[in-house]
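Here are some friendly notes to read alongside the model. Please keep the sequence and the 3D view open as you go through the points.

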Amino acid sequence: MLIDVKVPQLSESVSEATLLNWHKQAGEHVNEGENLIDIETDKVVLELPAIKSGKLLNVLKRDGQKVESGEVIAQIDTAVAAEPKAVLASSPAVMESAGSPVLSPSVRKLVHEQGIDAGQLQGSGKNGRVTREDVLQVVQQNVPLPSAPISGVVVPAGERAEQRVPMTRIRQRIAERLLQSQANAAILTTFNEVNMQPVMDLRARYKDKFEKKHGVKLGFSSFFVKAAVHALQKFPIVNASVDGTDIIYHGYFDIGVAIGSERGLVVPIIRDADKLSFAEIEKRIADFAARAKDGKLGMEELSGGTFSITNGGVFGSMLSTPIINPPQSAILGIHATKDRPVAENGQVVIRPMNYLALSYDHRIIDGREAVQFLVAIKEFLEYPGQVLLDL
């Protein structure tokens, strides 16, 4: 019996996708659940598993071709018995087949583009898993420049080499949305500073108990998400969006958290953040970061959102003017916390200071509201006990 291999249903905002590389060729046996091909959208990399065991036939679409939701790209003859699944090797690395380690979609794509034999890679990740850094290390060992497009191309030292590299779909989408944001919104940025000492003291005091009880580390991200929700509740216009000549006020708080992945910036959404505890927020963010690294985020997790937070401080940024993620109307930029001299009660003291930036759409948010919004975040972080006690 012949069954169709179809492109999975893409989200409403995604019209097409790109086939990255087939892992099986026509005529080869496949097992049910075995990944046939990686599919890249402008948001995520999807794996397309075989829904039945059999022989792969009639491959209609090749690597690099554009496809749409539900499009048939191959067929599987289920009348042909599939080969038994490969036995796991005794190596600490989990193997796809004898001598070939399991690779995440993003790492597999890089290996394919570089023309590297995956069986020769030594994984430095957990359980011997091959990471992007492992692949790049091989590339740097005098491997010639690839003819296929790749991000992070290594140019030999001392040569005036150039390479034209097409943008990935996700990079194209990022570029489109940034231009859309700047063209369709009156973006203005306001700044403030916050003394992070109270939060740092609170975290230092309870982090061990927190991790022991909840199984996740207490970071700073949950404090900023909680502070943002607190400020959004006080100033609903910052949580609103523009639709033509209407303002849509959202009665929920879906916070986007920007995460830098190997494929580009992604902004997964923490739904109903106002209803989540610190531990639940930390778990969501940790899960998003781990799956963003492997390109495993679902499209529904990257859609929507009423407000976003981006943390350039993890890369050392001291100050920035973040760009709004449309159709949202504001975004909070967090930066590196550094010890700085500040004046307190007529004395100069050293405090761990963080500069906050709020970029907002001036069409619906006035400067007064933007400034007061940042002050509300500042007060939450500098006096967390007062806010948590509803004083």
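1. **A sheet to start with.** Four strands form an open sheet in the order β1-β8-β6-β3, and their pairing is antiparallel. The edge strands, each pairing on one side only, are β1 (2-6) and β3 (29-30). Strands here are DSSP runs of E with at least two residues, helices are runs of H or I with at least four, and both are numbered from the N terminus. Two strands count as paired if DSSP finds at least two bridges between them.

2. Strand β6 (residues 54-57) and strand β8 (residues 72-77) run antiparallel and are joined by 3 bridges.

3. The model is predicted: local features need pLDDT of at least 70, side-chain atom pairs count only at pLDDT 80 or more, and totals for chains, interfaces and linings use all residues. Residues are numbered from 1 along each chain as its sequence is written, and side-chain values use heavy atoms, with hydrogens and water left out.

4. **Confidence.** The average pLDDT of the chain is 83, and 79% of the residues score at least 70; pLDDT is the predictor's confidence in each residue, from 0 to 100. Please look with care at residues 85-98, where pLDDT stays under 50 and the model has 20 contacts beyond four places in sequence. Residues 142-151 also have a pLDDT below 50, and this stretch has 22 contacts in the model beyond near neighbours in sequence. A contact means heavy atoms within 4.5 Å.

5. **The chain as a whole.** You will find 8 helices and 21 strands in the chain. Of its 391 residues, 44% count as buried, where buried means under 20% relative accessible area, exposed over 50%, and partly exposed in between (1.4 Å probe, protein chains only). Among contacts between residues at least 6 apart in sequence, 61% join residues at least 24 apart. The accessible surface is about 20600 Å², with 51% of it belonging to carbon and sulfur atoms; these areas come from the Shrake-Rupley method with a 1.4 Å probe, and for residues only the protein chains shown count as cover.

6. **Backbone points to check.** Most residues other than glycine have a negative phi, and most peptide bonds are trans. N58, in the loop between β6 and β7 (66-67), has a positive phi near 50°. N58 is partly exposed, at 41% relative accessible area. D272 also has a positive phi, about 50°, and its place is in the loop between β17 (269-270) and α6 (278-293). D272 is partly exposed too, at 30% relative accessibility. Finally, the peptide bond between P326 and P327 is cis, with omega about 5°; P327 is in the loop between β18 (307-311) and β19 (330-334).

7. **Salt bridges.** Side chains of opposite charge can pair when their charged atoms come close. The whole structure holds 9 salt bridges, each a side-chain nitrogen of Lys or Arg within 4 Å of a carboxyl oxygen of Asp or Glu. In one of them, the closest N and O atoms of R291 and E301 are 2.6 Å apart. R291 lies in helix α6 and E301 in the loop between α6 and β18, so the pair ties together parts 10 residues apart in sequence. E301 is buried, at 18% relative accessible area, and a network of salt bridges links D287, R291 and E301.

8. R363 and D361 pair with their closest N and O atoms 2.7 Å apart. R363 is partly exposed at 46% relative accessibility, whereas D361 is buried at 2%. K378 and E382 meet at 3.0 Å, N to O. These two are 4 residues apart in helix α7 (residues 367-382), so about one helical turn separates K378 and E382. E382 is buried, at 16% relative accessibility.

9. **Which helices does the pair F223 and F278 tie together?** F223 lies in helix α5 (residues 221-234) and F278 in helix α6, so the pair ties together parts 55 residues apart in sequence. The structure holds 2 aromatic pairs; rings of Phe, Tyr and Trp (its six-membered ring) pair if their centres lie within 6.5 Å, and planes under 30 degrees apart count as stacked, over 60 as edge-to-face and the rest as tilted. The ring centres of F223 and F278 are 5.1 Å apart and their planes are at 65°, so this pair is edge-to-face. Both F223 and F278 are buried.
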